[in-house]
Amino acid sequence: MSGKKLICGPMATISHRAFRNAVERFGGCDEYFTEMINAGSLLANSHFEKFYIDPAPVPEKIVWQLTGHDTLKMIEASRILTALPGLGLDLNMGCSAPDIYRFGAGISWMIKPVEETKKLVQGVGNVIREWNELHPESSKRFSVKLRLGDDDFTDEKFFSFTDMLVEEGVQLLTLHPRTKKEKLSRLPRYHYAEDLKQRYGERIKVYVNGNIKDKNSFDSACKVCPSVDGVMISRASVSKPWIFYELKKSLCSEGQTSEQTAPLEIDMEKLALDYIDDIQLYQPQEFWKTRLQRFFTYYSENFKFGHYAQSQWINADFSSENNEDLRARIREFFEKCPEERVKVL
């Protein structure tokens, strides 16, 4: 295909083992970023942390994403994550959710005094370098996910910041090319991802993220930034866990076998019920409601009567044993709309 990697982006309440299982059923992608792992909670070894650091079913494709506001805690937490299976460690400097930003995490690291952020990057970079020197057979990559910066950003501010990251040893930048407050309705400024690649060349890898949801939007992004090394897809992979399969199929070169290009039939009801099974197997019961509601909010977008499906599914009784109420509502939907049960790619 285009030579670009396909990456599943980090999403709160989504980027966990159960979701990766769903994507892997359709052949998976090249890399999976985890949802943000809070440094303080990880160091406190809270009851729920084991669910955040479960790398299954594909440990070799995992990128651990770390968040927090305290430099020392993040450096210590990076020691734990670097020792886990996976491709490497990613610092979240792009999340602009108000509660994350006010906490001093996420995009706050792009807005704080640069020396404070530099201290964090140096510290985590040293942890990763030490690990790689001692374990060359399982070396880890150091990456940062970021935005353009605050709403008063300038090219000078942005590239000065990325220069610092690269000088301190960051090997990959994933850019969501919007500012702190820009909404998803605004088209991302993809050319900044191309600018990063042209600026640093082979010194680093660059992934682009934002509004990529199908072949057309993939092509549009790649037309603006043809040199990037990978394309990250987030929300669209929740509504369509098969999106990476779809892209691979549409991008594959001529001469592929018929097996690789054969139509794929998806049982939409079974996929939904299997997802509930995996949530119950691999997430604590306290998380079931939020994880299921978030997934089915997006999954319902696939259907002609998606608003009805969404209303029915996210308002189920999640306290029922084995999530039987949600299961019954899903079965009822497909009984009423049998034409929606099978999707052919």
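**Exercise 1.** Determine how helix 4 and helix 7 are oriented relative to each other, and which residues make their contact.

*Solution.* In this predicted model, local features need pLDDT of at least 70, side-chain atom pairs count only at pLDDT 80 or more, and totals for chains, interfaces and linings use all residues. Residues are numbered from 1 along each chain as its sequence is written, and side-chain values use heavy atoms, with hydrogens and water left out.

Begin with the axes, which are lines fitted to C-alpha atoms over the stretch in contact, with angles running from 0 to 180 degrees between N-to-C directions; helices are DSSP runs (H or I, at least four residues) numbered from the N terminus. The axes of helix 4 (residues 71-82) and helix 7 (residues 114-134) come within 9 Å and cross at roughly 25°. Helix 4 is therefore roughly parallel to helix 7, a term for angles under 35 degrees, whereas angles over 145 count as roughly antiparallel.

Next, list the contact (heavy atoms within 4.5 Å): helix 4 contributes Thr-71, Met-74, Ile-75, Ser-78, Arg-79 and Thr-82, while helix 7 contributes residues including Leu-120, Gly-123, Val-127 and Trp-131.

**Exercise 2.** Determine the orientation of helix 15 and helix 16, and the residues through which they meet.

*Solution.* The axes of helix 15 (residues 285-299) and helix 16 (residues 306-314) come within 9 Å, crossing at roughly 170°, and the two helices are therefore roughly antiparallel to each other. Turning to the contact, Gln-293, Phe-296, Thr-297 and Tyr-299 in helix 15 meet Gln-310, Trp-313 and Ile-314 in helix 16.

Definitions and conventions. Angles under 35 degrees count as roughly parallel, over 145 as roughly antiparallel, 65 to 115 as roughly perpendicular and the rest as oblique.
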